[in-house]
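Dear colleague,

I am handing over the structure we spoke about, and below it you will find my notes on what turned up in it. Please read them with the sequence and the model open beside you.

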Amino acid sequence: MTDTRKKFDGRAEEYEKGRPEYAEAFMEALFRNYGFSSTATVADIGSGTGKFAGQLLKHGCVVYGVEPNDEMRQKAAEGLSEYNGFHSVNGTEAQTGLLDQSVDFVTTAQAFHWFDVRMFQKECRRILKPDGQVFLIWNVRDMNDALNRDAYEVYRQFCPEFHGFSGGMKKDDIRIQEFFSGRYQYVEYENPLFYTEQTFISRSLSSSYSLTEKDAGYAEYLKALQSLFHKYEKSGMLTMGNHTVSYFGIPGK
C-alpha cells in the first residue's frame with residue numbers, strides 16, 4: 001500500500017464525515033447473486049474507517065478489517081464496536097496477517113489503486129478458501145455531472161498531488177486486468193450522493209491529495225470549495241452524480 005500510512009494521516013475524521021457508503025442495490029446483489037451470506041467470512045483490505053465493512057456487518061458477515069493507517073483503523077474500531085463479527089487488523093495488502101485459506105471473500109473498497117498488484121494477488125491467493133473471489137469496489141464520480149467536472153478543475157488548480165479521481169484508475173484499468181489475468185466480471189449501480197456544505201467540504205478534505213491547513217493556498221482552496229457548493233446547492237443540499245462499480249473474480253497467477 002504505497003505511502004498509505006502517511007497520505008491519510010490526520011484525515012480519519014474528515015473521511016468518516018464525508019465519505020459515502022456504497023449502493024444498497026450493489027449490496028443486495030452481493031447476497032442475492034454473488035455468493036455472499038450471513039455466514040461468510042470476509043477480509044476487507046484497506047478498510048479505512050470501516051465504510052464498506054459496516055455494510056457487510058449489517059448483513060451478518062464476519063469481517064477482518066485490514067488497515068495500515070493507525071488513525072483510520074482506530075476510527076473503524078470505535079465506529080464498529082457494536083459488531084462482534086468485526087476484527088480490526090493492522091496489516092497491508094501484501095501482509096494481512098490472516099491465516100491460509102481462512103476467508104470466503106476478499107473485498108477492497110476505494111483502495112486497490114494504492115496496492116502493489118502482484119503482492120496483493122499473491123496474498124489473496126494465500127488467504128482465500130478454494131474458489132474464493134476478490135471484489136474490487138469503488139464509488140466513481142459521474143463525469144457527465146457538471147459539478148464533478150468543476151470539482152476536477154478545483155483539485156487540479158490547488159492540489160499538486162491530484163492525478164485524477166480514484167488514483168487515476170480508468171475503466172478496465174491495466175492493473176485490474178493484471179490482477180485477474182484478464183478474467184473478471186463488472187457491475188455498476190447508480191449511487192447519487194447528497195451533501196450539506198459541511199459534509200461536502202469533509203469529502204474533499206478526506207482525499208489523499210487534498211491540501212491541509214498547513215499547506216500554502218489552503219484558505220483559497222477552502223473558499224473555492226465553498227463557492228463550488230453554493231453554485232450547485234439547492235435548499236442547502238448538493239447532489240453529486242456517482243456510481244458504485246465492482247470488478248470481481250478469482251485472482252490470477
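Which residues lie nearest the centre of the largest pocket? They are Phe8, Arg19, Gln110, His113 and Trp114, out of 42 residues that line this pocket. Before going on, please note that this is a predicted model, in which local features need pLDDT of at least 70 and side-chain atom pairs count only at pLDDT 80 or more, while totals for chains, interfaces and linings use all residues. Residues are numbered from 1 along each chain as its sequence is written, and side-chain values use heavy atoms, with hydrogens and water left out.

**Pockets**

A pocket here is an open set of points on a 1 Å grid over the protein atoms alone, where a 1.4 Å probe fits and protein lies on both sides within 12 Å along at least five of seven lines; lining residues have an atom within 4 Å of a point. The largest pocket holds about 680 Å³ of space, a volume being the space filled by probe spheres set on the points, which are joined across faces, edges and corners. Strand β5 (128–141) gives the most to its lining, with three residues; helices are DSSP runs of H or I with at least four residues, and strands are runs of E with at least two, numbered from the N terminus.

The second largest pocket has a volume of about 460 Å³, and of the 19 residues that line it, Val140, Arg141, Met169, Lys170 and Lys171 are the closest to its centre. The charged end of Lys171 also sits over the ring of Tyr186, 4.1 Å from the ring centre (the criterion is NZ of Lys or CZ of Arg within 6 Å of the ring centre and within 35 degrees of the ring normal).

**Aromatic pairs**

A search of the whole structure gives 30 aromatic pairs, counted where ring centres of Phe, Tyr or Trp (its six-membered ring) lie within 6.5 Å, with planes under 30 degrees apart called stacked, over 60 edge-to-face and the rest tilted. Tyr155 and Phe165 form an edge-to-face pair, 6.0 Å centre to centre with 90° between the planes. Because Tyr155 lies in helix α7 and Phe165 in the loop between α7 and α8, this pair ties together parts that are ten residues apart in sequence. Both Tyr155 and Phe165 are buried, that is, under 20% relative accessible area, where exposed is over 50% and partly exposed in between, with a 1.4 Å probe and protein chains only.

Best wishes
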